[in-house]
Amino acid sequence: MNIYYEGVLASTGINILLALSAYTILATNRLSLGNAGFMAIGAYVSSYLTVNVGWPLFPSIAVAGAAPALIALAIGRPVLRLQGIYFVMVTLAFGEVTRTFFQNFEPTGGAYGMRGMSGVTIEMIYAFVAAFVLLYVAFDRSRAARLTYTLRDDDEAARSIGIDVVAVRLIAFAWGALVAGIAGALFAHYALYIESGNFNFLISASAVLFVILGGVQTFWGAIIGAVVLTLLPEALRFLDAWRLSAYGAILVAMMVLRPEGILTRTLLRRLRRLSPR
Amino acid sequence: MTPLLELRNVSKRFGGLTAVDAVSFSIEAGELVGLIGPNGAGKTTLFNIIAGVYRPSQGQLLHRGDAISMLDPARIAKRGIARTFQNIRLFQSLTVLEHLLVAQTCRGLGLLAELNPLVSGAERTRRKAAMELLELVGLENRHDEIAIHLPYGAQRRLEIARALATSPELLLLDEPAAGLNDTETVGLREMLDALRAQHYTILLVEHDMKLVMRVCSRILVLEFGKLIASGAPAEIQVNPEVINAYLGAEA
């Protein structure tokens with residue numbers, strides 16, 4: 001495969017995982033702008049394990065998921081009490097603190113970054129994407145999925161039917177961190193080189209953007225959003241210098257024309273009715 | 001026998017204001033108790049204390065003899081005390097049936113079972129139970145609609161069905177007739193009669209005097225946070241203190 005197309009395909013896969021991570025937290029009515037922080041932890045932890053400790057790849061990827069999930073559980077209780085803009089600001093700060101930590105932390109290369117990772121192929125990235133999509137499909141069919149919808153709609157009503165809103169949110173936050181961490185590990189071992197700048201605020205913001213433009217009501221929306229928004233700037237390359245302006249204009253137009261995102265639950269229901277059983 | 005719910009000297013103060021003042025009463029299984037009182041009498045505060053939204057400043061709440069004053073709303077619901085809201089609170093992304101399905105998880109099968117993507121036997125039984133509840137409130141034909149698209153009266157009935165889906169021992173209804181037209185109120189009354197026939201225990205906070213007199217087996221009257229009367233509807237209607245509380249200012 002052409003190396004350019006392979007690169008685009010790889011970042012599409014990584015972005016699908018990041019979008020799922022943002023979606024999971026957003027689905028419980030919390031907008032996190034710090035998922036790049038979780039991604040960075042996954043990337044650096046796995047890289048340290050494979051390069052410096054000499055662990056094999058797969059256990060390192062597993063730890064790359066577990067480490068940010070544990071951190072999310074640790075900071076989650078106080079942080080998740082915050083709502084709206086306050087939660088956004090705290091997660092944004094978390095992402096930036098994590099990034100600057102790795103910029104200065106010598107054991108993982110500090111400002112020089114890390115190299116020497118390898119072993120992740122494009123096929124492997126998509127194997128992980130497929131595994132996570134399957135997990136989300138299975139989850140979506142369970143009752144627990146509807147339980148998370150109640151948190152998006154109304155906390156007080158959710159409590160009135162016995163839902164422990166703090167616990168459900170905490171689990172979703174930790175799961176979102178886990179998915180971001182694994183995305184980080186895959187990224188590090190595919191890109192072969194990482195530096196703290198790879199995990200900046202724009203990564204967190206675009207993860208949320210994928211979800212909002214794709215549709216916040218179902219995880220399929222997150223996936224569609226990630227695919228469309230990763231491929232769109234590539235498709236616009238013929239515009240040269242105007243590429244990013246056009247990209248921005250298309251985003252604004254999409255938001256104005258379809259604020260609920262590309263995919264909605266109602267649209268999905270209609271599609272399901274159309275499809276032969 | 002231990003009563004289903006017992007309040008002992010329950011008070012709630014907000015700063016200098018005593019909203020609920022040393023209220024004691026109990027509710028036995030199978031009763032339909034009405035809680036009435038003029039505006040600002042403390043009905044909603046008392047309701048919220050029982051539902052776990054407020055903690056009492058003083059006094060004790062007992063459910064089957066266990067102290068429950070320190071429990072939060074979710075734990076109160078899990079113990080089997082379900083509530084509805086005065087200003088309807090439905091989930092905007094869920095269908096009618098889904099409201100009942102999520103509520104059933106309240107006293108459900110545990111997290112692992114709820115994560116099962118396959119439709120098991122237990123799941124089929126619960127879906128059937130949910131459809132039966134919808135029949136009880138007359139919404140079985142609209143089970144697949146998005147709940148917030150229902151007309152107002154139907155939304156009220158769905159709120160009650162959602163509370164029932166948690167399999168409660170005690171149902172707290174916060175002004176279910178508020179905002180209903182006459183036809184809808186008749187529908188509500190028939191529904192309450194049906195619930196009573198099925199031996200649900202209900203505490204009904206309500207403004208609509210005709211409705212309360214008609215459906216309740218016992219009525220509690222609050223004024224300025226104090227319980228001033230308790231008895232059968234016929235007794236309450238002739239109680240001088242109650243008449244004074246309602247008409248005193250004007251008479």
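C106(B) counts as buried because its relative accessibility is 4%, and C216(B) is buried at 5%. Here buried means under 20% relative accessible area, exposed over 50%, and partly exposed in between, with a 1.4 Å probe and protein chains only.

This is a predicted model, in which local features need pLDDT of at least 70 and side-chain atom pairs count only at pLDDT 80 or more, while totals for chains, interfaces and linings use all residues. Residues are numbered from 1 along each chain as its sequence is written, chains are lettered from A and ligands numbered from 1 in the order in which they are written, and side-chain values use heavy atoms, leaving out hydrogens and water.

Side chains of opposite charge can pair when their charged atoms come close. The whole structure contains 23 salt bridges over all chains, each defined as a side-chain nitrogen of Lys or Arg within 4 Å of a carboxyl oxygen of Asp or Glu. One of them joins R99(A) to E96(A), at 2.9 Å from N to O. Both residues belong to helix α4 (residues 84-104) of chain A and sit three residues apart, about one turn of the helix. Helices (H or I, at least four residues) and strands (E, at least two) are DSSP runs, numbered from the N terminus. R99(A) is buried, at 18% relative accessible area, whereas E96(A) is partly exposed at 26%.

A salt bridge of 3.2 Å, N to O, links E98(B) with R146(A). This pair crosses between chains, running from helix α3 (residues 96-104) of chain B to helix α6 (residues 143-153) of chain A. Both E98(B) and R146(A) are buried.

Within chain B, R142(B) and E145(B) form a salt bridge, with their closest N and O atoms 3.1 Å apart. Elsewhere, R143(A), E123(B), R126(B) and R127(B) are joined into one network by salt bridges that share partners.

What is the nearest side chain of opposite charge to D174(B)? It is R83(B), 4.1 Å away, and D174(B) is buried yet has no salt bridge; Lys and Arg count as positive and Asp and Glu as negative, with His and the chain ends not counted. D174(B) lies in strand β7 (residues 170-174) of chain B.
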